[in-house]
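This report walks through a two-part reading of the model. The sequence and structure come next.

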Amino acid sequence: MKQFLIFVKKEWLHIWRDRRTLFILIWMPVVQIVLYGFALTNEVKNSNIAILDQAHDEASITIANKIAASRYFNLVKNLYSYNDIEATFKQGKIRMAIVFPSGFRHDLLHANSAQIQIIADASDPNTANTLTNYAATIVTDYQATLNHEQKLPYTISTQVRMLYNPELKGAYNFVPGVMALVLMLVCAMMTSMAIVKEKEMGTMEVILVSPLKPFRIIIAKTVPYLFVSFINIITILLLSVYALDVPISGSVWLLLAESILFTITSLSIGILISNSATTQQAAMFMAMLSLFLPTLLFSGFMFPIENMPFPLQIISNIVPAKWYFVIIKAVMIKGLGFAAIWKETLILIGMTAALLGISIYQFKIRLA
Amino acid sequence: MKAITVENIVKTYRIKKGVVEALNDISFSVDRGEIFGIIGPDGAGKTSLFRVLTTLLRADSGTATIDGFDVIKGYKQIRNRVGYMPGRFSLYQDLSVQENLEFFAAIFDTTIAQNYDLIKEIYQQIEPFKARKAGQLSGGMKQKLALCCALIHKPSVLFLDEPTTGVDAVSRKEFWEMLHRLKIQGITILVSTAYMDEASLCDKVALMQKGRLLSVNTTQGIIAQFKKTIWAIKATEMFRLMNELKNSEAIESCYPFGQYHHVVFKPAANNSELLKNIAVRGHFTQFEMKQIEPGIEDCFMELMQA
């Protein structure tokens, strides 16, 4: 036990004395959360639009005002001829243009049908889609107020309720995703360096010629990093609750326990990499290559797994981050309890045990 | 029981397409409480031999035992009882002197206080710097700290791989004095060095070259085997003298040794006459020559030639 504790203390001193690395480890999650939260958002807000109102009647002005007042749109220009539309698009000033034909209200009231043209810049198809939907919704709203006055014989109205995330905030999806990504990268990269460093510095040669057992070396190396990761978990959760307004709906303790489990899984991956690499650079590269992309692609936080081809869906199962992502979404966003995530938890525990087992088995008791 | 036995150890490395024979049929044994020196130039295979004996490398064939334990089957027992100081400084550079020592004491399940007597004389020299990071120590102090760390668990056999390489002359002398004090405590020491002058400080030496042991004997034994006559020659023009001697057909070998050139003649040659002839012909000034007793270095030069 004393052997073990002194080894942990030694590892801790390595981390503590390398202030620059420690600084990066502590601040990386903060920077990532803030980046994803405020800069890399795929929500559509304040898109610049232009309006060509050839009618200038009560109806067209009301709709135009509603659109301009919406937080999705930002009216930058009133156009006066049809030719201006294309020119303004080409200048890159707007993403969408709305055209009211002349006699708009007249057609609406007397012909019972009027048209509005919505022209969107579809070079970014997702944004174009979202914008036209928003605009169409506003028009429908206006229509509903008109209809209110005169009774129609048959109407079906849909009532939509967005569960767990009524405001459709992107943060509800990416906070769990970033947690998975950051914990995986920080833990795995940190530990992947740990054993290789001893090999590179030659200290492995000395500690091998000692009574230290491989599994003690491996466990002792992960403990201090577990502590650093725990700080990361806390900062991510605090930031998401207080800076991004993503509440923790479920049990905080369950969330922490599951996060610690995932941290241990990530640390074990790092140890496994560290065992097989011979230089710190190689270890770093292996960790980046084998963890960053798969975690990004297969955790389900950027690209829905259901939409992937079947073979890729199978591959996604071996990515621990996928399971953790499911767990975090369930506990944090949906507020579910352990009963809903026991299967995912069991899978993570199994993966961790296997990874640690392989690491200890593979640990080279000799040089070369 | 011998402290170390080595029988027919062979170790080869595959480097790209070629095969390098690092250890070629090495056999020797070391008695308890002996200082055994492995002397050889760089690349002779000294470090490979140390790694095989400290259980860090598997030999291709042959057997070796430390304190009766086989280096393969009994590696755990061996790792409990030996001290190893690798050729390259292998302590934690970001830990202080004291932290390093505490760490190595603890992993061997002992404390500094328990074996302080053993390291006292060495440790006292670096104790003023005990709060300093190991990476910031001078070369000699690093070696002393490494020796302390290798000794802190009172090993029965101590492996020192080139402990004095890159260390100044005074520190080297001190280092060897320490080894003799450790020997008195009953610790068997296997030490390698590239400096031949250190051979005479060992009880027994093995000369190693290109993976082979050329000779294993006591220092006196090796000198006694040397049958040839050695002449020491000196002049003001040392470099020209060396060239002149090398070109002379009657001369078997000639090496610079400090102030003198040591010369061995071919058996038939008329030694002193020849030397005088060279001196006269070459117009050397302050020419001086004398017959001397062979030293251990002369013997090694001779053995390495063969």
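## A bent helix in chain A

α7(A) bends by about 30 degrees at A:I195. The bend at a residue is the angle between axes fitted to the seven residues ending there and the seven starting there. Helices (H or I, at least four residues) and strands (E, at least two) are DSSP runs, numbered from the N terminus. This is a predicted model, in which local features need pLDDT of at least 70, side-chain atom pairs count only at pLDDT 80 or more, and totals for chains, interfaces and linings use all residues. Residues are numbered from 1 along each chain as its sequence is written, while chains are lettered from A and ligands numbered from 1 in the order in which they are written.

Helix α7 of chain A covers residues 171-201, 31 residues in total. From first C-alpha to last it reaches 43 Å, close to the 45 Å expected at 1.5 Å a residue. That expected span is 1.5 Å times one less than the number of residues. Of the 31 residues of α7(A), 26 are buried, so the helix is largely enclosed by the rest of the structure. A residue is buried if 20 or more other C-beta atoms lie within 10 Å of its own, exposed if 12 or fewer, and partly exposed in between; C-beta atoms are placed from the backbone. After α7(A) comes A:G202, with a positive phi near 85 degrees.

## Where the chains touch

Contacts link 21 residues of chain A to 23 residues of chain B. Two residues are in contact if their C-beta atoms, placed from the backbone, lie within 7 Å. On the chain A side, α1 (2-17) and α8 (203-208) are the elements that give two or more residues. α1(A) gives the most, with 8 residues.

By class, this side of chain A has 11 nonpolar, 5 polar and 5 charged residues. Ala, Val, Leu, Ile, Met, Phe, Trp, Tyr, Cys and Pro count as nonpolar, Asp, Glu, Lys and Arg as charged, and the others, Gly among them, as polar.

## Domains

Domain bounds come from an automatic or database domain assignment. Chain A has domain 1 (2-40 + 169-362) and domain 2 (47-149). Their C-alpha centres are separated by 48 Å.

Chain B is divided into domain 1 (4-223) and domain 2 (226-305). Here the C-alpha centres lie 36 Å apart. The contact takes 12 residues from domain 1 of chain B and 8 residues from domain 2 of chain B. On the domain 1 side, β9 (204-209), β10 (212-218) and α7 (219-225) of chain B give two or more residues. α7(B) supplies the largest share, 3 residues. That side holds 7 nonpolar, 4 polar and 1 charged residues.

## An enclosed strand in chain B

All 6 residues of strand β8 (residues 188-193) of chain B are buried, so the strand is largely enclosed by the rest of the structure. Both faces are covered. One carries B:T188, B:L190 and B:S192, the other B:I189, B:V191 and B:T193.

β8(B) pairs in the parallel sense with β3 (residues 35-39) of chain B over 5 bridges. Two strands pair if DSSP finds at least two bridges between them. B:I38 stands opposite B:S192. Strand β7 (residues 157-161) of chain B also pairs with β8(B) in the parallel sense, over 5 bridges. There, B:F159 stands opposite B:L190.

## Chain B overall

Chain B has 10 helices and 14 strands. Of its 306 residues, 43% are buried.
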